[in-house]
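Dear colleague,

I am handing over the structure that we spoke about, and my notes on what was found in it follow below. Please read them with the structure open beside you.

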Amino acid sequence: MQQIQDQAPPSMVKDSRMVEADEEKLIKKELAALKEQVSTPTTSLKQMRECLVRLIYCEMLGYEASFGYIHAIKLAQQGSLMEKRVGYLAVSLFLNESHELLLLLVNTVLKDLQSTNLLEVCMALTVASQLFPPDMIPAVLPLVEEKLQHSKEIIRRKAVLALYKFYLLAPNQVQHIHDKFRKALCDRDPGVMAASLHIYLLLIKENPGGYKDLTSSFVTILKQVVGGKLAVDFNYHSVPAPWLQIQLLRILRLLGKDDQITSELMYDILDESLRRAEINHNITYAILFECIQTVYTIHPKVDLLEKAAKCNGKFILSPKNNLKYLGLKALSYVIQQDMNLVLQHQMTIIECLDHPDPIIKRETLELLYRITNAQNVAVIVQKMLDYLRQSKDEYITISLVGKVAELAEKYAPTNEWFIQTMNAVFSVGGDMIPADIPNNFLRLLAEGFDDEVEDKQLRLYAVNSYLALLEKNNIHYPQRFLQVMSWVLGEYSYLKTEAKAEDIIQSLHYLLGKCSASLETKAWIFSAITKLFRLTLNVKVLPEVLQNYGNSMDSCLRQCSFELKQLVEDKEIMNTVLPLDESCNDIVVDASLSFLDGFVADALGHGAAPYKPHHQRQEERLSQEKVLNFEPYGLSFATSPQISSVTGRQSPTGLSFNSEISCNSTEAGLKDSDSLKLDGVKKVWGKEGYLRKKKESKEETVASPNSESDVTADFTSTAEKTAGLSAEEQEKKLLASSLFVGLGSNNLVSLMGKNQSTTQKFRRKSKIVEGQNSYERTMSTQKAIAPPLAQIPNLMDNVLESCNPFQESKAMLLRKTASDSAEVPTEEPAQESDEAWNSSNNLKTIRAVPSASKESISGLFADGNFDIVQPGNCNSALVAHEPNSSLSPGLPVEFAEHSHSKFELVCANENIALFSCKVWKEDCLLIVLFFTNRSSIEVTNATVNFALTDELQACESTDFPFPLVESLATVKCQLCLQMMKPCARVLLTGHVTYHLETSQQTQEEFALALFLTDFIRPLKLTTEEFGHLWLSLSNDVKQNLSFTSDSPEALTVALRTLQQELKLHIVDIIGAEGIVACQLLPSTSCLLHCRFHAGILSVWLRSGCCVLPDCLLYECQKVIQKL
Amino acid sequence: KKFEKYCERKIKRNTIYLSSEVTNMIKFFLLVNKQGQIRLSRYYEPMEIHKRTLLEVDIIKNCLPRTKDQCSFVEYKDIKLVYRQYAALFVVIGIDDAENELAVYELIHNFVEVLDKYFSRVVLPDVLRFSNIFSLVTVQTTAPAIIMFNLDKVHIILDEMILNGRVVETNKSRILVPLLALDKMTES
């Protein structure tokens, strides 16, 4: 506290040389202390003022101090004088016009406006003219208006400025007081009058015609100011009120433009202003600069123009850089009216071109840009490129590159020059180059100029030049340049008949292999390669290309290479898809994608889910996340599976076969591939500002109708004069003559306000202008650059179809190999599931390389980490544990390695016993039934017969005859079962008949309970495959299962348990979500998506079969409940 | 028809040019010491705090290394920077393309003269009492230090001169009237 009250320097600024890190620490500390202090109620207003100054300081250094904003408003409210002023100051520094706290200020301002203390009124007006909430203007407007009549000059002046701000904020609210502005203009005090000029400048800009009557007033005021009628304290370095003069000159310029009568009123005073500017001071030059602009804007008067031109000479010839710069700026403005002025100063301009200060060089180039014509374009462009090579500033590079490209397009003297200049533009511009430059260039090449022969020459020249560039090794070209090159080579290589397409392919292929090319560029190069294959029958390079990119990690390149493969195989498609020299023709695209209708209908017929648009999917996801589940919990397993499957499904969208839906889906896909390829191209329409600027400047270059003779005459005279000068001088003169060629001296016509703009040689331009707004045009060009999109889905389908079986069979092979060496896992389920992970990972890797040899596959599985998960509800009992071991059967060796249940007695009497054992094989449930003859005599003609219900299906016959079973012997039979209709539990019934010796036939019934879980097998998928499969499955069921655990491992634990109990396969766990896959034998897959959130496990099941999800969910529920 | 379009656009271009000409705005006003630290900043267009800091770093990089004989105007993106050095103090003003660079350059000097006029008459600690502090090369750190310790007063002076990016008062005695009155009232 004490410290703050003192005027002692604030601690944080003690050492101005402190390092940044220290600064940050110190300021943070200071801010914390300030935060505490401002919120302490005992802090006095004086201390608060000090605090706010410090907060201003902190914000100035870039540390936000928003906690102090409200205190600034409070201080403005409660403080007096200096405190109040600092409060207002802080508010104006902290807040912007839209800040909500600003409303709190309105009352304070109102109060202070009514204060009797003039200083308070002053402050209120100052802050109101800095920022004020626009909708609160009516509240203070009458008070401010009233102040226009105040006796004090300063109050009237500030009131005018406040009204000016209100006018900026809400022009129609101050409409009614325009009369009062006039009064302010005629105020007896020059300060008030000067303040009103701000408003008039705005008003006149918007409506020059409405204020012509004021011209004479402005002229009179200017006359008085220039004549030194103002008080001495308005002088600045003995120049009377220079900023006021400047303001008046600007207003006169607006009034006199294109208006002879008004202009005539101001000739005198302009003349006087030009004359007065003899004192050699910066401020007089500032006034002169405005004078020159005004003289050249209003209706011309020859005498004045000459004087202004002479003045301009003073600027340009000045040794002071500031003046030189301003002179060049004025000249760029003036040449729009009069080219001659440039000719007068050509030698100075040449010198400025080599000026050490880059900003002067820049301004000179700007000037040259405006005087470019077909004769001097080469020299000027060369100068610009020289500058570009030295400049590193991105902003300057972008703007200058655009100008060069524009000039090259407009005035190119020859094809060679044009292509070489554009090459330079692309090299120099590098990756900063705006996308519209390459796009315009390519469009220009593609569209041509209505002259077939010349077009071909230009294209051929481009091809030649790029081939030459590509031959140079180890040169790094910018991405956009590479894209341009590859497009041109792809499209127009056919023009170069002596070159072999395969050689070009070879060099492009080499380029593709370079890591320096971006993915986007690679796509361009690849499409060029594809196009080049239409020119040649020699496909020697093809396998290499396909091998390199057929399984590229980048899906775009992979797709391209599959397309290439297909296209090369079928020349006919190639020619329809990529016709020669057709890049400008529009491609007719069936946007409704009606040709896919059949495909969609088929898919829907096969049970595929109808397409859901992205937003709908998103909604579903959201609803899954946020919406409360209002449906009753409880078991979702219903007795009637058909019904439950319908009710359980979330939003079954009506099946729709119309093409609208299918169109949506494919369109989304198209967009993706679109953006991949045409990334850069699209940006043309994104940077409007730049485009507009470019357009403007294009048109600013006013054409000058010049006669050849004039020019030659002009330069012969120049040449004569130059004789006898030094060599260096000669060189400069030479440059001058090449730069200023074509700037005729007969331009006085244009001074009369009529610009001869139409004679401009819009040689190349016309095309561009014409096409500029035609979005479709660009799009069509772009479409041609990329392979036609409509073809992609079809092609891809074929490719996928042809390669899927291949992968599948490999995978099958893998499983076989693996299972051959598999062991029966006996304990440690956790480790086991880890192994499951490994195996799935291995599988994934191998699938990615389908060509891997079989040896390597079996090698990978040599350690036998292929898993068959053992059901937890039964122990892997061995035969030895069986109570009546003497009679108990032994499980055949071939099954012992599979997981199996313990033996169960299914049926017994004094003579025989039937034991069963379930063996969970991968492809079926194997029921092994042991028939034991307990009697002492042999059994004959025994038959075991299974009666199958609809749900089950056996692989072979269900009757097993045993002609003879000896006493105390055991025979076995086995039955392979698969579940055809999912159900939780099914009874396998059957009977056994036998004869004891010759006695009568005896029959025993038996029944075996089979469960859904007996038929569930893990389905090994990669995440990617899971994703694909998920989309293709239509029957889904969602359920929230409460699960009392909120440990982070909860999801993993739950999924592991499911894996153990239900033999599911965990595909992936990402964060709070896990995906699990399984299949119901024989081949119905079911996918689970589990999400754990706040003690709730949301399970979402999908399957091709409508009943399976319900049944499986029931099983899951049981398992989870047990946890 | 093409010609009509062309003319139409030409007219449009003219109005754009004129409107930007009338804008002639001062975008910001900075005081920087020789070490490149900001000593005062005032923005006349809304800008976020962190963007300001980045901008300032760039501006300082662009202006400070320049030599005396180089042009006092620097291009920075679409902003023109006008700067002027007074011993240890740099004044940098950002303007748009239509503003008169030289007039702004002299405005800086006017501002400094006002500061000079104010602070040389106000009672200052002994060390800081000089007749013309801003042109005194010997005391390198004086001017930035005075601004530091009187941040609020310098702001008040600036507010009298520039409002909403426009020059509203250049008369030195009139600029100081409100501040001197405040000082007088506070003292009594």
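Between chain B and chain A an area of about 7300 Å² is buried, and carbon and sulfur atoms give 58% of it; buried area is the accessible area (1.4 Å probe) that two parts lose on being put together, summed over both. The model is a predicted one, in which local features need pLDDT of at least 70 and side-chain atom pairs count only at pLDDT 80 or more, while totals for chains, interfaces and linings use all residues. Residues are numbered from 1 along each chain as its sequence is written, chains are lettered from A and ligands numbered from 1 in the order in which they are written, and side-chain values use heavy atoms, with hydrogens and water left out.

Chain A brings 87 residues to the contact and chain B brings 76, where contact means heavy atoms within 4.5 Å. Ten salt bridges are found across this interface, each being a side-chain nitrogen of Lys or Arg within 4 Å of a carboxyl oxygen of Asp or Glu. One salt bridge joins the side chains of A:Lys158 and B:Glu160, at 3.0 Å from N to O. On the side of chain B that touches chain A, the residues comprise 29 nonpolar, 18 polar and 29 charged (Ala, Val, Leu, Ile, Met, Phe, Trp, Tyr, Cys and Pro count as nonpolar, Asp, Glu, Lys and Arg as charged, and the others, Gly among them, as polar).

As for chain A itself, 55% of its 1123 residues are buried, that is, under 20% relative accessible area (1.4 Å probe, protein chains only).

Definitions and conventions
Buried means under 20% relative accessible area, exposed over 50%, partly exposed in between (1.4 Å probe, protein chains only).
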